[in-house]
Amino acid sequence: MTVTIGTRVIGGGRPAYVIGEIGLNHNGDVEIAKRLIDVAADAGADAVKFQKRTPEISTPAHMRDVLRETPWGTMTYLDYRYRVEFTREQYIEITDYALLRGLEWFASPWDVPSVAFLEDLGVSAHKIASACLTDLPLLEAVRETGKPVILSTGMSTIAQIDAAIDVLGTDRLVLMHATSTYPMEPDEANLRVIPALRDRYPGVPVGYSGHERGLQISVAAVALGAVAVERHITLDRTMWGSDHAASLEPTGLTHLVRDIRIIEQALGDGVKRVFPSEQAPMAKLRRILT
């Protein structure tokens, strides 16, 4: 089965769909968001993704009054969440820019009002963050939009994934294997879950959302059949913010897309054959011909 997001088709032997996860790495700055869109477009990614919250709803109650040191001074966690949210006008500016750069755009809504917000902007798909996989009212609101859904499965059991899929259905669903640690160590990647999810949910495209350092694990995910790859992107991993350390800088994303496309070429079609380029070495090196 394939899922179409905008003009791109995911699955069915198509090239892996590469998502540059901007998330909150824009730090509430429209110009940084535009520069990150440029990073994704220049690297050859297919889409960029943001995160949309209604802070008074999506911020856990026990976290709201926790003080946090930020570039804008000491503030509560709730105030910080407000500080890094874009307005409707700002979203229009950055998403128009993404479309001009040839990228699809969508976001992870973290609450039901955010789904309506994104629908009003004409989003091409919805992404369910791993943290929201058990939020059934949110899943129901996303299902009702009729848009394609990308579901990350970090910090989730198979039973929880089953329950989420029962709500979302499988018609327009892309599953993303993920481990929600930032950054993730290699021994927690568990990439064999990719074919396991594919076997458990026949016909559902399965991709990989990575939070590791470096490129190898994401490239290996494609070799194991991941039809989409999502990685956080940043201008500089030393920037302030919780996701920057687990993000790819511009050169890293460029190399990732390059390596994914090389792996896709190298996978071939599984039919053993003698290539024309082997004829000369065969004539030179093989002593017995049959």
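Welcome to this predicted model. Take the contacts in the protein between residues at least 6 apart in sequence: 65% of them join residues at least 24 apart.

**Overall dimensions**

- The radius of gyration of the protein is 21 Å, which agrees with the value near 19 Å that a compact globule of 290 residues would have.
- Along the principal axes, the C-alpha atoms of the protein fill a box of roughly 80 × 40 × 35 Å.
- Of the 290 residues in the protein, 50% are buried.

**Geometry of helix 5 and helix 6**

- Two numbers describe a pair of packed helices: the angle between their axes and the distance between the axes.
- Helix 5 spans residues 112-120 and helix 6 spans residues 136-145; their axes come within 9 Å and cross at roughly 20°.
- Angles under 35 degrees count as roughly parallel, so helix 5 and helix 6 are roughly parallel to each other.
- The crossing of helix 5 and helix 6 has a right-handed sense.

**Residues in that contact**

- Helix 5 contributes Val112, Val115 and Glu119, while helix 6 brings in Pro137, Leu138, Ala141, Val142 and Thr145.
- By residue class, the contact of helix 5 with helix 6 has six nonpolar residues, one polar and one charged.

Terms used: Residues numbered from 1 in each chain as written. Predicted model: local features only at pLDDT ≥ 70, side-chain atom pairs only at ≥ 80, totals over all residues. Heavy atoms only, no water. Axes fitted to C-alpha atoms, helices over the stretch in contact; angles between N-to-C directions. Helix = DSSP H or I, 4+ residues; strand = E, 2+ residues; numbered from the N terminus. Parallel < 35°, antiparallel > 145°, perpendicular 65-115°, else oblique. Left-handed = near helix turned anticlockwise from the far one by under 90°. Contact = heavy atoms within 4.5 Å. Nonpolar A, V, L, I, M, F, W, Y, C, P; charged D, E, K, R; others polar. Rg over C-alpha atoms; globule rule 2.2 N^0.38 Å. Buried < 20%, exposed > 50% of the residue type's maximum accessible area, 1.4 Å probe, protein only.
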